[in-house]
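Subject: Structure handover

Hello,

Here is the structure I promised to pass on. Please open it first, then read my notes below.

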Amino acid sequence: MHGSAGAAQVVTELLDQWQRHLRDGITARRAVPEPESDRASAALIAGIQGGVQILRTTGSTVHLEAVLDQFIEQLPQGPSATT
C-alpha cells in the first residue's frame, strides 16, 4: 500500500463511516436486516470506486453511471413499509 499508515487509517475510517451511512439508508429504505444492507452498501462503495477509477483512466462515466443506475433500480419506490 502506498502512503503512510496514518493516511490509510484515515481512509479506512472514512470508508467505514460512508458505509455506515449507506447501510442505514438502505436498511430504512428497503426494510431489510442490517447484514443484507451492510453487504449492499459495501457493494455500492466498491462499484462507485471502480467506476471512478475507470472514469479517471478513460474519461468515460459509462461504468459509474451503470453501477449507480443498477443500484437505484433495486431500491423500492416510495417510503419503506416500516414508516
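A search of the whole structure turns up two salt bridges. Keep in mind that this is a predicted model. Side chains of opposite charge can pair when their charged atoms come close.

Start with Arg23 and Asp24. They form a salt bridge, and their closest N and O atoms are 3.4 Å apart. The other bridge joins the side chains of Arg23 and Asp38, at 3.6 Å from N to O. Here Arg23 sits in helix H1 (residues 5-30) and Asp38 in helix H2, so this pair ties together parts that are 15 residues apart in sequence.

Asp24 is at 43% relative accessibility and counts as partly exposed. Asp38 is at 30% and is also classed as partly exposed.

Next, the packing of H1 against H2. Two packed helices are described by the angle between their axes and the distance between the axes. The axes of H1 and H2 come within 8 Å and cross at roughly 125°. That angle makes H1 oblique to H2. The crossing of these two helices is right-handed.

Which residues of H1 and H2 make the contact? From H1 come Leu15, Trp18, Gln19, Leu22, Arg23, Ile26, Thr27 and Arg30. From H2 come Glu34, Glu36, Ser37, Asp38, Ala40, Ser41, Ala42, Leu44, Ile45, Ile48 and Gln49. By class, the residues of this contact divide into nine nonpolar, five polar and five charged.

Ser37 deserves a look here. This residue lies in helix H2. Is Ser37 buried or exposed? Ser37 is buried, because its relative accessible area is 0%, under the 20% limit. Leaving out residues up to four places away in sequence, Ser37 touches Arg23, Ile26, Thr27 and Val32.

The axes of helix H2 (residues 34-58) and helix H3 (residues 62-74) come within 7 Å and cross at roughly 160°. An angle over 145 degrees counts as roughly antiparallel, so H2 and H3 are roughly antiparallel to each other. The crossing of H2 and H3 is left-handed. On the H2 side, the contact is made by Ala40, Leu44, Gly47, Ile48, Gly51, Val52 and Ile54. On the H3 side, it is made by His63, Leu64, Val67, Leu68 and Phe71. The contact of H2 with H3 has nine nonpolar, three polar and no charged residues.

Last, Ile48. This residue lies in helix H2. At 16% relative accessibility, Ile48 counts as buried. Setting aside its neighbours within four places in sequence, Ile48 is in contact with Trp18, Leu64, Val67 and Leu68. Ile48 and His63 are 15 residues apart in sequence, and their C-alpha atoms are 8.8 Å apart in space.

Over to you.

Best wishes

Key:
Residues are numbered from 1 along each chain as its sequence is written. This is a predicted model: local features need pLDDT of at least 70, side-chain atom pairs count only at pLDDT 80 or more; totals for chains, interfaces and linings use all residues. Side-chain values use heavy atoms; hydrogens and water are left out. Axes are lines fitted to C-alpha atoms, for helices over the stretch in contact, and angles run from 0 to 180 degrees between N-to-C directions. Helices (H or I, at least four residues) and strands (E, at least two) are DSSP runs, numbered from the N terminus. Angles under 35 degrees count as roughly parallel, over 145 as roughly antiparallel, 65 to 115 as roughly perpendicular and the rest as oblique. A crossing is left-handed if the near helix is turned anticlockwise from the far one by less than a right angle, and right-handed if clockwise. Contact means heavy atoms within 4.5 Å. Ala, Val, Leu, Ile, Met, Phe, Trp, Tyr, Cys and Pro count as nonpolar, Asp, Glu, Lys and Arg as charged, and the others, Gly among them, as polar. Buried means under 20% relative accessible area, exposed over 50%, partly exposed in between (1.4 Å probe, protein chains only). A salt bridge is a side-chain nitrogen of Lys or Arg within 4 Å of a carboxyl oxygen of Asp or Glu.
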